[in-house]
Amino acid sequence: MSSLVFSADQSTSPASPDYRRWLVASWLGTVAFVLAWSGLIIAAPILEHTGHTALSATIYTAFRPICHQIPERSFHIFGEQLAVCARCSGIYFGFAAGIILYPIVRRLNDFTTPSRLWLMLAPIPTAIDFALTFFGIWENTHWSRFITASLFGVVAAIFVVPGLMDITQMIWHSVTKRGTSAVREPVREVVITGGGVAAPSDYSHPDRRI
């Protein structure tokens, strides 16, 4: 007697609303982080100006290992310098802008990154701005340092977001697979006999196997 065996196995589709919500949640979390990071840069001089010197000192100290914080090369608010210099401000604010605007130019479920050539070209405006001043050709300004550095920040964001979304996808697959296997009922196979009659075959009870 010939028979055909079909195994029913359901899996969650990557196109499901739950999957899209995971990607959006991951992107929103990243947006919240970069906004908080950028906000601290601006908060430091405001806190200093309003007399909250302990808090402002903590922020300045936190950013000191990653920036020289030279006052002459930094933007000021209310007479107080930002937590980082103009060039670092450009990188961070440009990166934040790239993260926030990313869904407008690319889909979150597109994990491909642009050509690495763009990442290599992005620092060139900053290098030119630095070199012209270093060799005495012209004196750069806060805004020239900020704008050239922000270009690098935006490009960096375009490379970072696909990686974060790809990690989110892997975590989603891991969680949903584990959750599905935990609640999934034992697989029951359907056996089509030679007479065309379908009957369940419960492999957990050998005595009832067909």
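Q: Let's start with Pro 162: buried or exposed?
A: Pro 162 is buried, with a relative accessible area of 1%. Do keep in mind that this is a predicted model.

Q: Which helix is Pro 162 in?
A: Pro 162 sits in helix α6, which covers residues 142–183.

Q: And which residues is Pro 162 in contact with, leaving aside its neighbours within four places in sequence?
A: Those are Tyr 102, Arg 106, Asp 110, Phe 111, Thr 112, Thr 113 and Ala 157.

Q: How far apart are Pro 162 and Arg 107?
A: They are 55 residues apart in sequence, while their C-alpha atoms lie 9.3 Å apart in space.

Q: Switching to helix α2, which residues are buried there?
A: In α2, residues 53–63, the buried ones are Ser 56, Ile 59, Tyr 60 and Phe 63. They lie on the same side of α2, because they cover an arc of only 100 degrees around the axis.

Q: What do the buried residues of α2 pack against?
A: Their packing partners are α1 (17–49) and β3 (80–81).

Q: And what's on the face of α2 turned away from its buried side?
A: That face carries exposed residues: Ala 54, Thr 58 and Ala 62.

Q: New topic, the surface. Which residues form the nonpolar patch?
A: The patch is formed by Leu 117, Trp 118, Met 120, Leu 121, Ile 124 and Ile 128, and together they have about 610 Å² of accessible area. The elements giving two or more residues to the patch are α4 (116–121) and α5 (124–134).

Q: Which element gives the largest share?
A: That's α4, with four residues.

Q: What about Ile 128, where is that found?
A: Ile 128 is in helix α5. Its relative accessible area is 45%, so Ile 128 counts as partly exposed.

Q: Zooming out, how many helices and strands are in the protein chain?
A: Six helices and five strands. From the N terminus on, the order is β-α-α-β-β-α-α-α-α-β-β.

Q: What share of the residues is buried?
A: Buried residues make up 30% of the 210 residues in the protein chain. The accessible surface of the chain comes to about 13300 Å², with 68% belonging to carbon and sulfur atoms.

Q: Last one: what share of contacts between residues at least 6 apart in sequence join residues at least 24 apart?
A: In the protein chain, that share is 65%.

Terms used
Residues are numbered from 1 along each chain as its sequence is written. This is a predicted model: local features need pLDDT of at least 70, side-chain atom pairs count only at pLDDT 80 or more; totals for chains, interfaces and linings use all residues. Side-chain values use heavy atoms; hydrogens and water are left out. Buried means under 20% relative accessible area, exposed over 50%, partly exposed in between (1.4 Å probe, protein chains only). The arc is that of the directions from the helix axis to the C-beta atoms. Contact means heavy atoms within 4.5 Å. Patches are made of residues with over 30% relative accessible area and no salt bridge: like charges are joined within 9 Å, nonpolar side chains (Val, Leu, Ile, Met, Phe, Trp, Tyr) within 5 Å. Accessible areas come from the Shrake-Rupley method with a 1.4 Å probe; for residues, only the protein chains shown count as cover. A salt bridge is a side-chain nitrogen of Lys or Arg within 4 Å of a carboxyl oxygen of Asp or Glu.
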